[in-house]
Amino acid sequence: MARSSESLRPVVICAILLALAASLVALILSSISIAKNNDGTIEVNARAQTRENKTQSQTSQDRVWTIAISDYGVNLEYLEESTYEIKGYNVDIVNAVCALANKTCILVCDVNERCWDTPPRQRARGGVGLMARWYDACTGWVNTYDRSLTFAFTRAFVKKQRDVALYAVNSSSVDYRNVKGLTVGFIAGWAADERCLARYARSADITGASPEFFHILHYNSPMGLMQGLRRGESDVAFSIRLPQLESDFRRLTPDDFPNYCYPDGSGAGMMTRKDNTEFINWWNEAFDRLVGTPEYDKICERLSTEHGHKQGSGAKDVCIGY
């Protein structure tokens, strides 16, 4: 038995050593496998993330930005009957800014109140078109007291808006200082609304300027407002000083009539939802690059050349930096 035990001892030791070696090899192989798996997982995740980022980038670049515009009737925005296209300075600005920003933009013609709604005798509110995301922005809107509560605005691409005035037909004997009992026409959605006119009851001593003292008629466009005056539907019209009104009607208010409809110095830019910061950022960056370039000078020149057959202001009164 002693010899047998002695003879088995080397075999047992060898077996133990072999087992330890096998365990060590297995541990090393396992570690290598785990490392490979981890490396592989990281690599796959990185590739997936790269593909996702690329897809998001492509989606942002390929997106079509829809921008609402109306028929303003002057050289800023007008309907060209021969081609049935909306043209003007504002259109030229949209095309140039979108091209500089490498964005695909489409203009959508719509009525004003779908951008900003001013229901008679109700609180002004965001228009359904912009609120419901029918389009991304509306063209050529001023940041007024009321609108700033609902919407955000890009930098202005049109200088300070014109002053406001009360108008009537040339044969009218109405005194602007008393509108009590009259029917007053407004352009729906515009800043010169009945709420603005009410400010003159307190600040300019216009009798009956509060909405409860006069009748209200809203029109969808400047053309509708003028037709209402001519037909006698409205006794007076309250509006910004449009060239069409200045030339065809009697302005009742004096030259120094104050403007209480929007902050002094406010110009017109793009109006959009407050959550649409992406649009505001790329628009402002591209517009800043456009101003002062030969391309911008050409756009401003077209106010009197290509669009000069329509009434409106020239580059000095419209273009930024002129």
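**Aromatic pairs and helix packing in the predicted model**

Of the 322 residues in the protein chain, 44% are buried in this predicted model. The protein chain contains 9 helices and 14 strands. Among contacts in the protein chain between residues at least 6 apart in sequence, those joining residues at least 24 apart account for 76%.

Aromatic side chains were examined next. With ring centres required to lie within 6.5 Å, the count comes to 16 aromatic pairs. In one of them, formed by Y176 and F257, the ring centres are 5.9 Å apart and the planes stand at 85 degrees; the pair is therefore edge-to-face, the cut-off for this class being over 60 degrees. Y176 is located in the loop between β9 (164-168) and β10 (183-187), and F257 in the loop between β13 (250-251) and β14 (268-273), so that the pair links distant parts of the chain, 81 residues apart. Y176 and F257 are both buried.

A pair is also formed by Y200 and Y260. Their ring centres are separated by 4.7 Å and their planes meet at 35 degrees, so this pair is classed as tilted. Because Y200 belongs to helix α4 (residues 194-203) and Y260 to the loop between β13 and β14, the pair ties together parts 60 residues apart in sequence. The relative accessible area of Y200 is 0%, and this residue is therefore buried. Y260, in contrast, has a relative accessible area of 25% and is therefore partly exposed, since buried means under 20%.

One aromatic cluster is formed by W65, F157, F279, W282, W283, F287, Y296 and Y322. The ring of W65 also has a charged group over it: the charged end of R63 sits 3.7 Å from the ring centre.

By class, the contact of α2 with α7 comprises 11 nonpolar residues, 1 charged residue and no polar residues.

Notes
Residues numbered from 1 in each chain as written. Predicted model: local features only at pLDDT ≥ 70, side-chain atom pairs only at ≥ 80, totals over all residues. Heavy atoms only, no water. Phe/Tyr/Trp six-rings, centres within 6.5 Å; stacked < 30°, edge-to-face > 60°. Helix = DSSP H or I, 4+ residues; strand = E, 2+ residues; numbered from the N terminus. Buried < 20%, exposed > 50% of the residue type's maximum accessible area, 1.4 Å probe, protein only. Lys NZ or Arg CZ within 6 Å of the ring centre and 35° of its normal. Nonpolar A, V, L, I, M, F, W, Y, C, P; charged D, E, K, R; others polar. Contact = heavy atoms within 4.5 Å.
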